[in-house]
Amino acid sequence: MKLIIKFFPEITIKSRQVRKRFIAQLKGNLKKVLSAVDPQARVNGNWDSLEVNLGPDPALQQRCIERLRNTPGISHCFEVHEYPLGTIDELIELCVANVGDQLRGKTFAVRCKRVGTHPFSSQDVAIKVGSALNTRCGAAGVSLKDPEVEVHVEIRDQKIYLIQARHEGMGGFPLGTMEPVLSLLSGGFDSTVASYQMLQRGLLPHFVFFNLGGRAHELGVRQVAHYLWERYATSHRLRFVSVPFEGVVAEILQNVENSQMGVVLKRMMLRAADRVAYRLGIDALVTGEAIAQVASQTLPNLSVIDKVAERLVIRPLITTSKLDIIDVARRIGTLEFSSSMPEYCGVISVSPAIRTTVARVEAAEAGFNFELLSQAVENAAYSECSELGEMMEGGSPVEIVEQALTGQIVIDIRHPDEQELRPLQLDGVEVQSIPFYTLNSRFAELDPSRAYLLYCEKGVMSQLHAQYLLDEGHGNVRVLRPGGSSKR
Ligand SMILES: Nc1ncnc2c1ncn2[C@@H]1O[C@H](COP(=O)(O)OP(=O)(O)OP(=O)(O)O)[C@@H](O)[C@H]1O
């Protein structure tokens, strides 16, 4: 299969040098992402578009297309058939053979794009091919304005591309063309969507999470971070830093005046994030705050919070409504994660300060033992997003088995698209489909007397979910990983 990759329009209006750099980055990213799925995948091309050639396996082709749709920098891509350029009559025959059947009883238009030197214009091609298709394929007529079917023909020098299907990409800039950022990820709707927006704009988000006292919260946030990396950023390494913040929270609860607690907690987070960013060589922090989303997210409060950060603090959602944020979360696949994220913030003031001042907050922080903040930063755990399924400290170990036994139920937690592409069939074993994003809510409805094995492609999501369910008290859960068992 051949695909033509069209760049996000903003890339094409850059200066020659910048455009070349962006395209080279996208090409490198695609090579990494696609070859991990299909070793036969090849990426070529440069200035106008990239060309991707895939091997013959339809399941791998579909997975590669999914990857292309989720790789920053791509506006859309066309699945094409390629032919050498001959005469216009030969082109007409190719079009009849390729799309003739789709035109019966329908209105249509031929759209032609031409690059190179030829004795005809794209308009000539559209008119000649259009009138031939109209008379030969039983079409309901040509409609240039509002056709039911569009026939796309691209002529590039001595090649013809007939477009079979179009797939929309996520737009934006290729990852790695911009500087990295450190995203404060709580796993809620806002910080997750804010992180996605960074990814889409080509800014590589590493994640910092402040654990306010909940293992379940950390497991939930790990799942989201791993999901964002796996879906949108496997071309790069993303770091996940978990900072134990229980001590800081306890200190705030004991020694900070009630109305200032929320602002002080955010200042502690920014101070800690600033130090983590320094260690990682990152120049900007990202949060999911939006103005007035909660009473304390006011400009005066945000500006007092910002005073403690040496780095630029980016708030991409600052004027976005909650409904729009939730719409994005649904589209990018993080809605279910965020809606089931446990709330673990004990620092909620009874009547939080709406318009605080530096003087008031500094007075409130006067009794705070900053040694605890330094300890939290020193004790931070640094991981790669690709390894987030690894065992977390504490809790019961998750058992991993290679084979399902009769009587056990295998839960396929993969995304429904993936399940459809590669159905899981196990002889004599019951398989249920519960996609990972509904598992937490649906698990409680299952028969507690049965034994369950969670299955996913790589064994990472299943590991995280099994750990979460074990922690919730469901001792009847294990992970099924054909070809690799151990206790973690
Ligand atoms: N535990 C945490 N770890 C990392 N960052 C956090 C944490 N809690 C809050 N933040 C950061 O602070 C921002 C504001 O948090 P807050 O809880 O006030 O608002 P929110 O709108 O509920 O955010 P979210 O939906 O992202 O949880 C978050 O968007 C996130 O960037």
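# Strands, sheet and ligand site

Aspartate 412 has serine 433, in strand 17, as its bridge partner. Strand 16 (residues 409–412) and strand 17 (residues 430–433) run parallel and are joined by four bridges. Two strands are called paired if DSSP finds at least two bridges between them. Strands (E, at least two residues) and helices (H or I, at least four) are DSSP runs, numbered from the N terminus.

The model is predicted, so local features need pLDDT of at least 70 and side-chain atom pairs count only at pLDDT 80 or more, whereas totals for chains, interfaces and linings use all residues. Residues are numbered from 1 along each chain as its sequence is written, and side-chain values use heavy atoms, with hydrogens and water left out.

**Overall.** There are 17 helices and 19 strands in the protein. The C-alpha trace spans about 85 × 60 × 35 Å along its principal axes. Of the 488 residues, 52% are buried (under 20% relative accessible area; exposed is over 50%, partly exposed in between; 1.4 Å probe, protein chains only).

Phenylalanine 108 has valine 142 of strand 6 as its bridge partner.

Strand 1 takes part in two antiparallel pairings. Six bridges link strand 1 to strand 4 (residues 74–84), running antiparallel, and isoleucine 5 stands opposite cysteine 77 there. Strand 3 (residues 50–53) is also antiparallel to strand 1, with four bridges between them; glutamate 51 of strand 3 is the bridge partner of isoleucine 4.

In a regular strand, side chains alternate between the two faces of the sheet. For strand 1, both faces are covered: Lys2, Ile4 and Lys6 are buried on one side, and Leu3, Ile5 and Phe7 on the other. Because six of the six residues of strand 1 (residues 2–7) are buried, the strand is largely enclosed by the rest of the structure.

**The ligand site.** The ligand is surrounded by 17 residues, of which the closest are Leu184, Ser186, Asp190, Ser191 and Lys266.

| Residue | Polar protein atom | Ligand atom | Distance |
|---|---|---|---|
| Phenylalanine 189 | backbone | oxygen | 3.4 Å |
| Phenylalanine 210 | backbone | nitrogen | 2.9 Å |
| Glutamine 297 | side chain | oxygen | 3.4 Å |

On its own the ligand has 580 Å² of accessible area (Shrake-Rupley method, 1.4 Å probe), and the protein covers 85% of this. Helix 6 (189–200), strand 10 (205–211) and helix 9 (261–280) are the elements that give two or more residues to the shell around the ligand.

**Serine 259.** The loop between helix 8 (246–255) and helix 9 contains serine 259. Serine 259 has a relative accessible area of 17% and is therefore buried. Its side chain makes a polar contact of 2.9 Å with the side chain of glutamate 257. A polar contact is a pair of N or O atoms within 3.5 Å; within protein, one must be able to donate a hydrogen and the other to accept it, and residues adjacent in sequence count only if both atoms are side-chain atoms.

Key: A residue is near a molecule or strand if one of its heavy atoms lies within 4 Å of it.
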